Amino acid sequence: MIHAPNTAKSEPPKPILPRWIMDGSVPKAPETLETASFASGSALALLHVALNDPNINAPVELLRNRLSLRAAANCLKLEGRAQSEADIRDAYLLTASGDAKGPAGDMLALWRSGSALSFRHRRSLEMGWRERLCALLPLDMQEHFTGWMEQAEDFAGTPVAKAALLLSNMIQAFPRQEAIALLCADVTLARALGWDSALPLFALHLKGGALRAASKGDDILVPCHRALAHAAQDAVRLTHDLARRAGRLRAVEPKLRAKGSQEAVRLFLSEDAVLPSTMLSPTIRGSSTTMTPRSARRLCERLTELGVVRELTGRASFRLYGVG
């Protein structure tokens, strides 16, 4: 008989989400720079607390990877491609090592790589975040990268204004490179806010019309504030939802008997989706612990039975599992 986990003590308290931030601070019309900046500022402040409050204990890496998937899907739409999030997951996770992932897999790889860059002090022989971010740009953009970043960081404006300036400069020079420009804007915003890494936000709600306006030199600061207000609100809701689900998964970990279950749970708390045949076996990713394919499959089935993980594809093979 399967017993559901006792989650009463593991779940965080119900979050305090002021309606004037989550629902009422983004007026439909008319909208001014003052109202738009108030909306984005209040929502970003609430997100900062959600990310850093130890009582919430948010699985930030999992959140970042979920938002990277959404950002990749929206950027593909900007390019006229219609892949779903499931299609993008498959392209990224089911492509054999060394094979081309295609536009969808490459887009997700870009967002995961860029948003995972740490701004913390590095060891002397490691590349810094600037060098690694620059390496993600197409070759013809790289020679301009340092100038764009320095101009944005030296600009005497708010964090959103710095990011909007960088975004505008990049889009004006390279109108078809929306994804990398949006990623760099997120990096600039995160740096200005004092975060350790970027969180995909700009790409979630900034529309193609705003990017086309930027390519013509128009001011897009208000659309950037508006997009960030909506994105930060979405991220706050997702943060609390994932924190609740992560708490339920952590609560069942002591009951798991499979060798490597602790490392496997850590993997689930960081990855949007887990492919057992490559990410749990023969070695659990991010660890040196081995696991047989049969044990990996049984662990996923056990976590699904306990209601803390769900199967994401509905397929009979090449199944993917994620915190649910």
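**A guided reading of the predicted model**

The largest nonpolar core has 105 residues, and those with the most contacts inside it are Trp111, Leu167, Leu201 and Phe202. A nonpolar core is a set of buried Ala, Val, Leu, Ile, Met, Phe, Trp, Tyr and Cys residues joined through side-chain atoms within 4.5 Å. Here buried means under 20% relative accessible area, exposed means over 50%, and partly exposed lies in between (1.4 Å probe, protein chains only). Helix α12 (residues 221-252) gives the most to this core, with 13 residues. Helices (H or I, at least four residues) and strands (E, at least two) are DSSP runs, numbered from the N terminus.

The model is predicted: local features need pLDDT of at least 70, side-chain atom pairs count only at pLDDT 80 or more, and totals for chains, interfaces and linings use all residues. Residues are numbered from 1 along each chain as its sequence is written, and side-chain values use heavy atoms, with hydrogens and water left out.

Trp111 belongs to helix α5 (residues 102-115), where it is one of the buried residues, among them also Leu108, Leu110 and Arg112. Leaving aside residues up to four places away in sequence, Trp111 touches Ser68, Ala71, Ala72, Cys75, Ala179, Leu182, Leu183, Asp186, Pro200 and Ala203; a contact means heavy atoms within 4.5 Å. The cover over the buried residues of α5 includes α3 (60-78), α4 (85-93), α6 (129-136), α9 (178-193) and α10 (202-205). The 14 residues of α5 should span 20 Å at 1.5 Å a residue, and the end C-alpha atoms are 20 Å apart, which agrees. The expected span is 1.5 Å times one less than the number of residues.

Leu167 lies in helix α8 (residues 159-173) and is one of its buried residues. Helix α8 is mostly covered, since eleven of its 15 residues are buried. Its cover includes α2, α7 (139-154), α9, α10, α11 (208-215) and α12.

On a 1 Å grid over the protein atoms alone, a cavity is a set of points where a 1.4 Å probe fits but cannot get out, whereas a pocket is an open set with protein on both sides within 12 Å along at least five of seven lines; lining residues have an atom within 4 Å of a point. Residues lining the largest cavity include Asn65, Tyr92, Leu108, Arg112 and Asp272. The largest share of this lining, three residues, comes from α4. The largest pocket has about 290 Å³ of space, and its lining has three nonpolar, one polar and seven charged residues. Among these lining residues are Lys255, Arg257, Arg294 and Glu305.

Finally, some backbone details deserve attention. A cis peptide bond joins Ser281 and Pro282, with omega about 5°; Pro282 lies in the loop between α14 (276-280) and α15 (293-305). Asn57, in the loop between α2 (33-52) and α3, has a phi near 55°, a positive value in a residue other than glycine. Asn57 is partly exposed, with a relative accessible area of 39%. Phe318 has a phi near 50°, also positive in a residue other than glycine, and lies in the loop between β1 (309-311) and β2 (321-323). At 57% relative accessibility, Phe318 counts as exposed.

Terms used
Points joined across faces, edges and corners; volume = space filled by probe spheres on them. Nonpolar A, V, L, I, M, F, W, Y, C, P; charged D, E, K, R; others polar.
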